[in-house]
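User: I am new to this structure and would like to know what some of the terms used for it rest on. Please take them one at a time.

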Amino acid sequence: MFDLEKLSKKELRRGKWLTILALFIGVGAISPVQSAASSALTAGLLVAIFVAPKTVLRWILPLALIAATWSFSGVSWLLQIVLTVAVIGARQVLVGHVKAPTKLTTQTKLEINGQGLNKRDLTVFKAVFNRTNDSVTHVEQLLTETNGLRKIATETEVIRYARGVVKELADDPTQLTDADDFVYTHLPNMEKILMTYHDIISHEMIDESDKQQLAAARDVLRQLADQIQQDYRRITRDDITSLQDQLDTAKRTMRK
């Protein structure tokens, strides 16, 4: 099945115009012998020119074919039913609605621990926190749009680490200074690169230079994912250090 929600604008436009071309050829092929069916296909062709590609592929083409099927003269109603069912089945298999992909992580609503912060500091922190949390969600969405980006997301687990930083900030807002690289540099840079990446792949024509730039962008995205992992390690290092101290103390106690 083709998931129309994941196809680029370029691919959708190409599919639309290939559909229009196929309808045009069909009109020319059957018009001498089946004028009514030809009229049905012509109507579908004209409508397809002015509507969105997803609508063309999901609705206009199947409806035009069904209308043409029932417009054929000399065809038994049983065969028309069979052909209609075949068109509906093909439509469902090829471009029917698919279940929304599972997110890389399950996002839960985080409560900010405002203890130790005055009203002004808490207001400022909430603004930064909400913007950062929204950016993580946006990055997660952008990373699901193409196979190459999904591969990066899966292999680097960048969203898990990003969500981890956000959760640590919600639990202890005073750690914002330890996460400043994540909040103000690494995450925003990743979001900007992903947005530009999607702008490029939606272009009608992509040349070899564009492909090289996209490959370079994927390399940088991997590097940023590594940086975000380090951001998470940095913000949780106090807990790791505390645990290590407790283990060392317990070991010394057991030796006595």
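Analyst: What follows goes through a few terms for this predicted model.

User: Why is tryptophan 70 called partly exposed?

Analyst: Buried means under 20% relative accessible area and exposed means over 50%. Tryptophan 70 has 43% relative accessibility, so it counts as partly exposed. Its place is in helix α3, residues 53-71.

User: Which residues form the nonpolar patch on the surface?

Analyst: Trp70 is one of them, along with Trp77, Leu78, Leu79, Ile81, Val82, Leu83 and Val85. Together they have about 790 Å² of accessible area. Patch residues need over 30% relative accessible area, and tryptophan 70 is at 43%.

User: Which helix gives the most to that patch?

Analyst: Helix α4, residues 77-95, with 7 residues.

User: What makes the phi of glutamate 157 worth a remark?

Analyst: Most residues other than glycine have a negative phi. Glutamate 157 is not a glycine, yet its phi is positive, about 55°. This residue is found in the loop between α6 (147-156) and α7 (158-171). With a relative accessible area of 33%, glutamate 157 is partly exposed, because that value falls between the 20% and 50% limits.

User: What caps the N-terminal end of α9?

Analyst: Aspartate 207: one of its side-chain oxygens lies 3.1 Å from the backbone nitrogen of serine 209. A polar contact requires N or O atoms within 3.5 Å.

Note on methods: Residues are numbered from 1 along each chain as its sequence is written. This is a predicted model: local features need pLDDT of at least 70, side-chain atom pairs count only at pLDDT 80 or more; totals for chains, interfaces and linings use all residues. Side-chain values use heavy atoms; hydrogens and water are left out. Patches are made of residues with over 30% relative accessible area and no salt bridge: like charges are joined within 9 Å, nonpolar side chains (Val, Leu, Ile, Met, Phe, Trp, Tyr) within 5 Å. Accessible areas come from the Shrake-Rupley method with a 1.4 Å probe; for residues, only the protein chains shown count as cover. A salt bridge is a side-chain nitrogen of Lys or Arg within 4 Å of a carboxyl oxygen of Asp or Glu. Helices (H or I, at least four residues) and strands (E, at least two) are DSSP runs, numbered from the N terminus. Buried means under 20% relative accessible area, exposed over 50%, partly exposed in between (1.4 Å probe, protein chains only). A polar contact is a pair of N or O atoms within 3.5 Å; within protein, one must be able to donate a hydrogen and the other to accept it, and residues adjacent in sequence count only if both atoms are side-chain atoms.
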